[in-house]
Amino acid sequence: MQILVVDDDALAAEMIGAVLESEGYQPLLAESAIEGMEQLNANPDVGLVISDMNMPLINGIEFFRELREQGNQLPFILLTGDDPKQAQQQEAGLDACILKDFNLDTSLPGLVSEVLNKR
Amino acid sequence: MNSNKPTLQEKIARLRASFISQLPKRLEEAQHQLILLKADPCMNRVAAVELHRTFHSLKGTGYSFGFHELAGIAGDAEDYTQQLLDLPDERTPPQWPDRLIGLLQELASQAQILVYTDMRKDQPLETPFFEMNDSSSDKDSKPGACNRLVYICDDEIDQVTHLSYQLRCFGYQVEHFTETQEFDRAVMKKRPDAVVMDVRFPHGGTAGTDALANIQKVTGQQLPAIVLSGRDDFEARLSAVRAGCQSYFTKPARPLELATALDEVMEEEVFEPYRILIVDDEPEVAQYHSLILEEAGMLVHELSQPANLLATLQEFRPDLVLLDVYMPDCTGQELSALIRQFPEYLSLPIVYLSSETDRQKQFSAMQVGVEGFITKPVIPEELVAAVALRAERMRSLRALMVRDSLTGLYNHTTTTELIEGALAQAKRKQESLAMVMLDLDSFKEVNDNYGHVAGDQVLLALSRILRHRLRTNDIVGRYGGEEFAILLKDVTPQVAFELVDQLREDFSKIRFSSGQQEFYCTFSAGISSFPFYLRAEELRIAADKVLYRAKKEGRNQVKLDDGNE
């Protein structure tokens, strides 16, 4: 399955990509919400979106809302450097919200399959 | 599965490394944004927002890669910037630029630490080498330990930081520069003990060596320097020769070899005066000769009682003995024969001072192994020349005889002698001494598993650390294959214990490699002390006993003799 990863920090995006790849997913990387949107249009098979929260111009939650507004119902996981609960409160429609830390390689795969199974 | 594909862990490791190498650039950006913000705080809300984001992303990505300290500081900086953004302009605290600059500096020093500790992954692994993970030798060195200052000048920042880190492990104090102008200024301010210089810089193919040559011209003094260059051509090498550099290394140089070369260029600087013992029953005559030799820069000890000769030999450790032939208690011949009874003094030059002009009598005196004859009254220049020449030869000869050829430490025999000498001195001065017996753990396995070249590297690394981290007047010897004996002067047992234990911890962090394999090595040590034990042999046995206990209780530890053994 293809997963779109949006993070303005290219290294962070690659890190998440590496974790996903090791689980057998095909990550598509984008450095901004706009680039992410383009990727989604070009790759209709994407099954999940993972996005960073704090990005220039359009942040993660704005990106999520934009997608929903356009009728895109893909599962959406928000990554944040701050308290994930806050973001979850701010936008209840998020499928999951996870803290950026060094355990991503163990915590992220579980969360991805959990989110996918719920759908 | 394709086995050539990097695993997730390998990928993460690579990404972490990229993150670290990008840190300086990220911090530079933050600094730039801060400058903009400072220039016009009211108008530059955009800069503040960008700065906030830079800190935020440093925090997030920092946490993602497990760099918690760095991420923590970035988080503080982010929060502070957020506060600035939230406050109306007129309520902005006046000290805000200082606070942000402080945080940026904290980030920079964290970045520096990460650069040091993570660089090791960049080293090629074909040849055995070693490095330390964590540098506690960055901190101020032990009291009394000589910390020689080395300047590195190289425009490749990665090379420089890596090399500085390595050399710090060896006990040097290192400062580095990426521009020759900056280097020039630093040299004028404070002269280093040695320099490692690159040849090519952006502003000139031989700008590095030119800078060295120029410093020599301006100051009239030659800086002890080593060239480390990516260039290996005639012009570059010639420029190094013309700048007076003693050694030339091409990149990448192995830190151990570089450290050895540094030692060599620096050791030429220190010249220890020749030590001359004068035995003469007439103090006035002794004083006169002593004056002539001291004028010539030698260190002289006068002895008027031949009975004290042995103790004095042990303590003063002369390079040469000047003997009066006729003395009331015993003759010069008798004294020389007595000195030669000791194997350790077989090579000690003895020169007679005598008014004897009879060739035949001179000859018979020489037969007991005397190096020369100087007739009284002496001609000062002649005395100085005769003494200096022989003392010099003695030095070179002794250096060959007293040092272990692999590690450069004192060999077994010399170590034993020196310890006896130090003990005699400590008794007289009523000082305390600590004797350390130190043994590498499972060293045979190192040789078996990784080969003897790797084993030698371990021995070299340990001896280098011992030599650089202990004081110059401490005695460090290679006692046997993987056994070392150390005598620490004028320290309490507790201080000795802490010192050796710190060395043990640092040594255990050195990562050795052989081919693709990596391994660590540890040592155990036992410490005994004077005046708890009065004789050298007793000290050694007591230290050995506790060393044995350290081994038995699991190795990689230091045990102090508490008298209950």
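Start by selecting A:Phe63, A:Phe64 and A:Phe76, which ring pairs link into a cluster. Rings of Phe, Tyr and Trp (its six-membered ring) pair if their centres lie within 6.5 Å; planes under 30 degrees apart count as stacked, over 60 as edge-to-face and the rest as tilted. You are looking at a predicted model, where local features need pLDDT of at least 70, side-chain atom pairs count only at pLDDT 80 or more, and totals for chains, interfaces and linings use all residues. Residues are numbered from 1 along each chain as its sequence is written, chains are lettered from A and ligands numbered from 1 in the order in which they are written, and side-chain values use heavy atoms, with hydrogens and water left out.

By the ring rule, there are 11 aromatic pairs over all chains. Zoom in on A:Phe63 and A:Phe76, an edge-to-face pair with 5.8 Å centre to centre and 65° between the planes. A:Phe63 belongs to helix α3 (residues 60-69) of chain A and A:Phe76 to strand β4 (residues 76-80) of chain A, 13 residues apart. Helices (H or I, at least four residues) and strands (E, at least two) are DSSP runs, numbered from the N terminus. Both of these Phe residues are buried; buried means under 20% relative accessible area, exposed over 50%, and partly exposed in between (1.4 Å probe, protein chains only).

Next, hop to chain B and select B:Tyr450 and B:Phe519. Their ring centres are 3.9 Å apart and their planes at 10°, so this pair is stacked. B:Tyr450 sits in helix α16 (residues 443-450) of chain B and B:Phe519 in strand β16 (residues 517-520) of chain B, so the pair ties together parts 69 residues apart in sequence. B:Tyr450 is partly exposed at 22%, while B:Phe519 is buried at 5%.

Now for charges. Select B:Arg403, which lies over the face of B:Tyr410, 4.2 Å from the ring centre. A charge sits over a ring if NZ of Lys or CZ of Arg is within 6 Å of the ring centre and within 35 degrees of the ring normal.

The last stop is a chain of contacts: select B:Arg549, B:Glu553 and B:Lys559. B:Glu553 forms a salt bridge with B:Arg549 (3.6 Å, N to O) and another with B:Lys559, the closest N and O atoms being 2.9 Å apart. A salt bridge is a side-chain nitrogen of Lys or Arg within 4 Å of a carboxyl oxygen of Asp or Glu. B:Lys559 is buried at 15%, whereas B:Glu553 is partly exposed at 45%.
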